[in-house]
Amino acid sequence: MESFNKKIATNDKVEFIHFSLDRTSEAALKWAKKENFPWAHVLADKHAESGLKKYAKKFVPYYMLVDKDGKILAEGSQAVFAMVDDL
Amino acid sequence: MKRFFSVRYLVLLIAGLAIAYYFHINRKRFADGNAQLKTELADLNSEWMELRKQEGELTYAKQELVEINKKLESLSGEAAQIRQSVSAEQLAIESLKQRKKALFLEYREQVRRQAKGAYFDEMTTPQGKHYKNVEITEVRPDGISFRHGAAGAAGARGLALHELPSEWVKRFMFTREELEWARSWTSADGTKTAYGKFKSYDEDTGIVTIDDGAGKLLFDIDQLSVANRKWLEKQALKGKAEAAAIFEELDKQVIGSKIKKGVLSKLEGDHFFDFTMSNAPDYYVVYYSASW
């Protein structure tokens, strides 16, 4: 959350999207309310049409920095946020 | 006997000459070989000297490299210190900003409290309404209440922020955010007024959403005054043009084209609402995770 507020919230070039792997939107909502997530979510019923499902790994959490053309630029929270610094 | 001596002498002479010639030839060959060896030795010596020179240069370069590595390590340490220092400075700046904001709010609160009882001979709103003998009774985040008129014929009145003269806006330190937030929403018959920040207007359903600070208020556009409706229609047109430009940009993207509409949600209050991006970003950080 701190990295998001410091590095992404004020950067118009970057959008932060949470791809929720919770099976129901209720579970995702409960968690989002508890943590007061400020970012955009892709909920379970929108996985297929989001085009982001193909990038998912078999483990969580997984961070990925991807450009607008779909090219993966960095993976893993450390690498992703380090690269966001330069954007 | 004499003949034999002569022949033997002649043979010996020839043999002696042959031997002398042989030694002469060999001596010349040795001399030539020796000279060649000397030349080769000289060449080898120069090559050796050259190699020694190169070895010296390499040793020097190696020492320089070691020095450069040391400097790099030292600079790397300095860079880490500078980064830490910058980070600490940023935190300090952030803290100062918050402190400044807190002091501003504290000071503004005091100014607004002290405004009670302030007297003005006259005051004119941007809409042209003129009031005399004005005495402020309360300054609120959404407007100002005051008494006006001569004693015995005094009236009370409240003004929303958009009705305040600019000198009052400045004097009572209303911010742009407050001015935007405190738009007034009046019912079609003019009997009711609410204050709040415009959140959205859905042209399909005609539902207007505002945030009054305590939560969301939903109105049907037909319930609102003509002035509010005109403003909303203007906003809708403006929003449409902006949204069209953003959608056009997103359509060119592999990522943006898929998530531009109806895919993203955002938490607002207790619910998820559809979220549409307000710009076309060049990069996306995608965070795959779950609550479990």
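This is a predicted model: local features need pLDDT of at least 70, side-chain atom pairs count only at pLDDT 80 or more; totals for chains, interfaces and linings use all residues.
One residue pair illustrates the arrangement: A:Met64 has A:Glu75 in S4(A) as its bridge partner. This pairing belongs to an open sheet of seven strands, with the order S4(A)-S3(A)-S12(B)-S1(A)-S2(A)-S10(B)-S11(B) and mixed pairing. At the edges stand strand S4 (72–75) of chain A and strand S11 (271–275) of chain B; each has a single partner strand, so one side of each is left without a neighbour in the sheet. On average, and with direction ignored, neighbouring strands of this sheet are turned by 35° against each other.

A helix also belongs to this picture. H4(A) packs on the sheet and touches S1, S3 and S4 of chain A together with S12 of chain B. The direction of H4(A) makes about 35° with that of S3(A).

The strand order may now be followed from one chain into the other. S3(A) pairs with S12(B) in the antiparallel sense, over six bridges. Within this pair, A:Tyr62 stands opposite B:Tyr288 in S12(B). Further along the order, S10(B) and S11(B) run antiparallel and are joined by five bridges, with B:Leu264 standing opposite B:Phe275 in S11(B). S10(B) and S11(B) form a hairpin that has two residues between them. In its turn, B:Gly269 has a positive phi of about 65°.

The contact between the two chains can also be described residue by residue. In total, 47 residues of chain A are in contact with 27 residues of chain B. On the side of chain A that touches chain B, the elements giving two or more residues are S1, H2, S2, helix H3 (47–50), S3 and H4 of chain A. H2(A) gives the most to this side, with eight residues. What classes of residue make up the side of chain A that touches chain B? There are 28 nonpolar, seven polar and twelve charged residues on this side.

The next topic is the interior. In soluble globular proteins, nonpolar side chains tend to be buried together. The largest nonpolar core of this model has 30 residues, of which A:Ile17, A:Phe19, A:Val42, A:Leu65, B:Tyr284, B:Val285 and B:Val286 touch the most other members. Two or more residues of this core come from each of strand S1 (14–20), helix H2 (25–35), strand S2 (40–42), strand S3 (62–67) and helix H4 (77–85) of chain A, and from each of strand S10 (264–268) and strand S12 (283–289) of chain B. Which element gives the most to this core? It is S12(B), with six residues.

B:Tyr284 shows how residues of both chains come into contact. When its neighbours within four places in sequence are left aside, B:Tyr284 is in contact with A:Glu15, A:Ile17, A:Val66 and B:Ile255. A second, separate core has nine residues, among them B:Val139, B:Ile144, B:Leu159 and B:Leu161.

Chain B deserves a description of its own. The secondary structure of chain B comes to five helices and twelve strands. Of the 292 residues in chain B, 14% are buried. Among contacts in chain B between residues at least 6 apart in sequence, 32% join residues at least 24 apart.

Three strands of chain B form an open sheet in the order S7-S8-S9, with antiparallel pairing. Strand S7 (197–202) and strand S9 (216–220) of chain B stand at the edges, and each has a single partner strand, so one side of each is left without a neighbour in the sheet. Neighbouring strands of this sheet are turned by 20° against each other on average, direction ignored. S7(B) and S8(B) are joined by five bridges, and B:Asp202 has B:Ile207 in S8(B) as its bridge partner. S7(B) and S8(B) form a hairpin with four residues between them, and B:Gly206 in the turn has a positive phi of about 75°. Five bridges also join S8(B) to S9(B); here the bridge partner of B:Val208 is B:Phe219 in S9(B).

H4(B) has 26 residues and reaches 36 Å from its first C-alpha to its last, close to the 38 Å expected at 1.5 Å a residue. Buried residues in H4(B) include B:Asn228, B:Leu232 and B:Leu250. The cover over the buried residues of H4(B) includes strand S5 (184–186), S7, S8 and helix H5 (256–259) of chain B.

Terms used. Residues are numbered from 1 along each chain as its sequence is written. Chains are lettered from A and ligands numbered from 1 in the order in which they are written. A nonpolar core is a set of buried Ala, Val, Leu, Ile, Met, Phe, Trp, Tyr and Cys residues joined through C-beta atoms within 7 Å. A residue is buried if 20 or more other C-beta atoms lie within 10 Å of its own, exposed if 12 or fewer, and partly exposed in between; C-beta atoms are placed from the backbone. Two residues are in contact if their C-beta atoms, placed from the backbone, lie within 7 Å. Two strands pair if DSSP finds at least two bridges between them. Axes are lines fitted to C-alpha atoms, for helices over the stretch in contact, and angles run from 0 to 180 degrees between N-to-C directions. Ala, Val, Leu, Ile, Met, Phe, Trp, Tyr, Cys and Pro count as nonpolar, Asp, Glu, Lys and Arg as charged, and the others, Gly among them, as polar. The expected span of a helix is 1.5 Å times one less than its number of residues.
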